[in-house]
Amino acid sequence: MTENPIGARRHPARAALARARRLPPWSLLVAGTLTGALLGGAYGALRTPEYSATSYVVALPDGKSDPSAALGLAQAYGRVATQLAVLGDAQVWAGVPVGTLKDSVRTATSPDAPMVAVTASSARPDLAADMANAVARALTRHADDSADDTRVELRQFARAVEPTEPSSASPGLTGLVGASAGGLLGGLALLVRPRRAADGTGHPAAVPGPALAADAHGQL
């Protein structure tokens with residue numbers, strides 16, 4: 001029986017599905033892995049590198065204050081560092097708008113040490129260091145204004161330095177992540193892929209009825 005070229009042209013999706021059914025099962029895994037690796041590597045190579053710099057400030061109690069008070073105030077200062085009152089002063093030294101500081105600066109505190117880490121990220125390594133140092137400086141200024149009441153002062157422990165390597169993922173890492181995701185999608189596609197029939201037509205094999213099966217058995 002010859003193929004109908006007109007029907008194939010009318011149903012390109014059906015013809016493509018038939019060709020896909022004839023592919024070996026492992027081809028979906030290979031195609032998904034290679035596609036994911038190419039897309040992930042291209043994303044890592046084309047995206048703008050991002051640099052991060054961190055400045056540290058430490059809370060120090062005076063002689064009349066409980067050392068545990070410094071730990072509690074360090075936690076509070078970590079939350080205050082990204083507020084408008086602090087960022088408004090930091091923008092003068094950083095040379096960027098408040099909105100840029102709010103989007104680029106994050107803080108972290110430790111439950112064991114009265115220290116605040118101020119980290120800034122930017123496409124420019126020098127700007128990342130400038131923003132981190134500016135926010136740390138503004139935070140210490142605000143802490144000094146209330147040091148007489150809190151009996152705890154905030155001092156800069158370590159200045160942020162200009163990073164030499166980007167903190168964003170490298171093309172190799174993004175390519176590896178893309179390959180893993182592509183392989184996973186390929187495996188899922190393999191699970192839902194229609195099974196091929198034993199005769200290779202792609203249609204389920206017909207099961208003979210009871211009468212036909214009995215006649216065939218009698219002829220043997």
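## Exercises on a predicted model

Thr-140 is a residue of helix 7. Keep in mind that this is a predicted model. Let's work through a few exercises with it.

**Exercise 1.** Work out whether Thr-140 is buried or exposed, and list what Thr-140 is in contact with.

*Solution.* Start with the relative accessibility of Thr-140, which is 12%. Buried means under 20%. Thr-140 therefore counts as buried. Next, set aside the neighbours within four places in sequence; Thr-140 then has contacts with Val-57, Leu-154, Arg-155 and Gln-156.

**Exercise 2.** Find the order of the strands in the open sheet, and say which strands stand at the edges.

*Solution.* The sheet has four strands in the order 2-3-1-4, and the pairing is antiparallel. Now look at the two ends of that order: strand 2 (105-109) and strand 4 (152-158) are at the edges. Each has a single partner strand, so one side of each has no neighbour in the sheet. Going from one strand to the next, the twist averages 25°.

**Exercise 3.** Describe how strand 1 pairs with strand 3 and with strand 4, and find what stands opposite Val-58.

*Solution.* Take strand 3 to begin with. Strand 1 (residues 51-61) and strand 3 (residues 115-122) run antiparallel and are joined by eight bridges. Ser-52 stands opposite Ser-121 of strand 3, and Val-58 stands opposite Met-115 of strand 3. Then turn to strand 4: strand 1 pairs with strand 4 over six bridges, again in the antiparallel sense. Here Val-58 is opposite Arg-155.

**Exercise 4.** Say which helices lie across the strands, and give the angles.

*Solution.* Helix 4 (residues 67-80) lies across strand 1, strand 2, strand 3 and strand 4, at about 70° to strand 4. Helix 7 also lies across strand 1, strand 2, strand 3 and strand 4, and runs at about 20° to strand 1.

**Exercise 5.** Describe how helix 5 packs with helix 7.

*Solution.* What do you need for this? Two packed helices are described by the angle between their axes and the distance between the axes. For helix 5 (residues 84-94) and helix 7 (residues 125-145), the angle is about 130° and the axes are 8 Å apart. The two helices are therefore oblique to each other. Helix 5 passes helix 7 in a right-handed crossing. Among the residues making the contact are Ala-90 and Trp-93 of helix 5, and Ala-134 and Ala-138 of helix 7. Sort the residues of this contact and you get 12 nonpolar, one polar and four charged.

Notes
Residues numbered from 1 in each chain as written. Predicted model: local features only at pLDDT ≥ 70, side-chain atom pairs only at ≥ 80, totals over all residues. Heavy atoms only, no water. Axes fitted to C-alpha atoms, helices over the stretch in contact; angles between N-to-C directions. Parallel < 35°, antiparallel > 145°, perpendicular 65-115°, else oblique. Left-handed = near helix turned anticlockwise from the far one by under 90°. Contact = heavy atoms within 4.5 Å. Nonpolar A, V, L, I, M, F, W, Y, C, P; charged D, E, K, R; others polar. Buried < 20%, exposed > 50% of the residue type's maximum accessible area, 1.4 Å probe, protein only. Pairing = 2+ DSSP bridges.
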